[in-house]
Amino acid sequence: MSNLFSWISNLLGGPFGRSTVSFPGLALTRGLDEPVNDAAAYGVGIEETQPENGSLYWKVHRVHHLTPEENNFRQHIFLDMVDEAGNRLQGGLVLVRWSGGEQVITLDKPPGQPAGNFPMWKYQVCEVVALGMPGTTLASDKVTGLHTGHKGEGQDEGGNRLFHHSFAVVFQRTVAGAAANLHESVISGSVANGAGRTVVLLQEGATVAQTVVGADEIYHLTGLAAGAYLVTVQGSDVRAGPATVDGRSSATVNLTLPSVPQEQSSVSGRVLRGAGATIELSLDGALASWASVASDERYLFAGLPAGRYRVGITGAAVMSEEFDLDGRGAHLQDLELPEADAGPSKPLPHYVLFAPLSTVQGQVDWLLAAPYLQTFGLTAGAYVEHAKLATRVTLIGSGPDAPGAAVEQALAAAGCRVERIEGESEDIAAELAQRIQTGQP
């Protein structure tokens, strides 16, 4: 099956890549107006649904009859599902029907191989439709006439034999009427009370684009491909969408931020030699907020209620005395990093450490963290010795294969600042999504 896995990996551009296919005698790039079916000679057909223009639906992106080298005497339907940009969608559902029965297939296999498969038996004739991601309902094209009852093809030379034929089917979530390969769509609108704030455009949890709201509270995001997008305001819970565009259309999304009461305190100041460092704000002894020190060594915490506060630098023995805010006035607090502590002391600023990628946990955690790694451009892997070269190390997972307490101790002994993101898969995904939304890795 290694040839098939290689073909699927090329199709998806790797576990988190884009959809580009290179195959003997055929070249296919995502966004074609018509689905490609090289299995038509085997009686396989595509029944296209008729969605309204601008609506999302599941389009048959590719139907392929496996060559003998790819098939290795199997009799399967191999299944995959990708989004508008060609990224694999893990956890999608596909329905296989035949005379007298049906079965739902969950596409949950690890990266590097088809996400799902269905073994066919003799004389069974199947059809396939996409059900999509759990909890969603979209129309779908249908693939028909899938069966194994085809005559042998040069059996003496190792060809596919009677009842040993397989097919690969890939569905793509598509905007009906979308213009192939165009990136001309625009999403714009207003953000009430949002002048100077950053609007972030998300797709499948990953940041696609961002822009700063003008003094007139208007924003524009241009050069967008077809797809469904979520519009958010960085550092807030305000979001709207999905906004669906077809590669050339425009959409308007207006948002409203809660108005900030005028009578609230702020803390600001300078951190000498601290550009890029993380400054923490504590309220009554508990961490209340954090921010990155700007390139001009300045920082600001605004909109603070009354209380007793303290500021300090993460990973350094630098902290202010406690001070009181009355909920109205401003407090100026400068800090200084000693020259020995200024800047990173290790070659890597931040490393994300996973369970071994040969384990299921490692593969799942890596898949969950892909948008987080891509958004912040972080170095990642499963090697403790590499992690020791980083100033900050984030451990992912808490299962039996995840890096344990001994690894944490070894990293701390190497001078690393260590944190762990743990819990169930949905807990890890939620924490990473929150970091993406707030812009804080």
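Predicted model: local features only at pLDDT ≥ 70, side-chain atom pairs only at ≥ 80, totals over all residues.
View 1. In soluble globular proteins, nonpolar side chains tend to be buried together.

**View 2. The surroundings of Val-143.** Leaving aside residues up to four places away in sequence, Val-143 touches Val-44, Gly-45, Val-60, Val-63, Cys-126, Glu-127, Val-128, Val-169 and Phe-171.

**View 3. An open sheet of five strands.** The strands follow the order E4-E12-E10-E7-E8, and their pairing is antiparallel. Strand E4 (45-47) and E8 stand at the edges with a single partner strand each, so one side of each has no neighbour in the sheet. On average, neighbouring strands of this sheet are turned by 25° against each other, direction ignored. Within the sheet, E10 and E12 run antiparallel and are joined by three bridges. Val-129 has Lys-142 in E12 as its bridge partner.

**View 4. The hairpin of E15 and E16.** Strand E15 (residues 198-203) pairs with strand E16 (residues 206-212) in the antiparallel sense, over six bridges. Opposite Leu-202 stands Thr-207 in E16. Two residues lie between the strands of this hairpin, and Glu-204 in the turn has a positive phi of about 55°.

**View 5. Thr-359 in a loop.** Thr-359 is found between strand E30 (348-353) and helix H3 (360-376). Is this residue buried or exposed? Thr-359 is buried because its relative accessible area is 15%, below the 20% cut-off. Its side chain reaches the backbone oxygen of Pro-356 at 2.6 Å.

**View 6. Aromatic pairs, with Tyr-309 and Phe-323 as one of them.** The count of aromatic pairs comes to eight. Tyr-309 and Phe-323 form a stacked pair, 6.4 Å centre to centre with 20° between the planes. Tyr-309 lies in strand E26 (residues 307-313) and Phe-323 in strand E27 (residues 323-325), so the pair ties together parts that are 14 residues apart in sequence. Both Tyr-309 and Phe-323 are buried. Elsewhere, ring pairs link Trp-98, Phe-118 and Trp-121 into a cluster.

Definitions and conventions. Residues numbered from 1 in each chain as written. Heavy atoms only, no water. Contact = heavy atoms within 4.5 Å. Pairing = 2+ DSSP bridges. Helix = DSSP H or I, 4+ residues; strand = E, 2+ residues; numbered from the N terminus. Buried < 20%, exposed > 50% of the residue type's maximum accessible area, 1.4 Å probe, protein only. Polar contact = N/O pair within 3.5 Å; in protein donor to acceptor, adjacent residues only side chain to side chain. Axes fitted to C-alpha atoms, helices over the stretch in contact; angles between N-to-C directions. Phe/Tyr/Trp six-rings, centres within 6.5 Å; stacked < 30°, edge-to-face > 60°.
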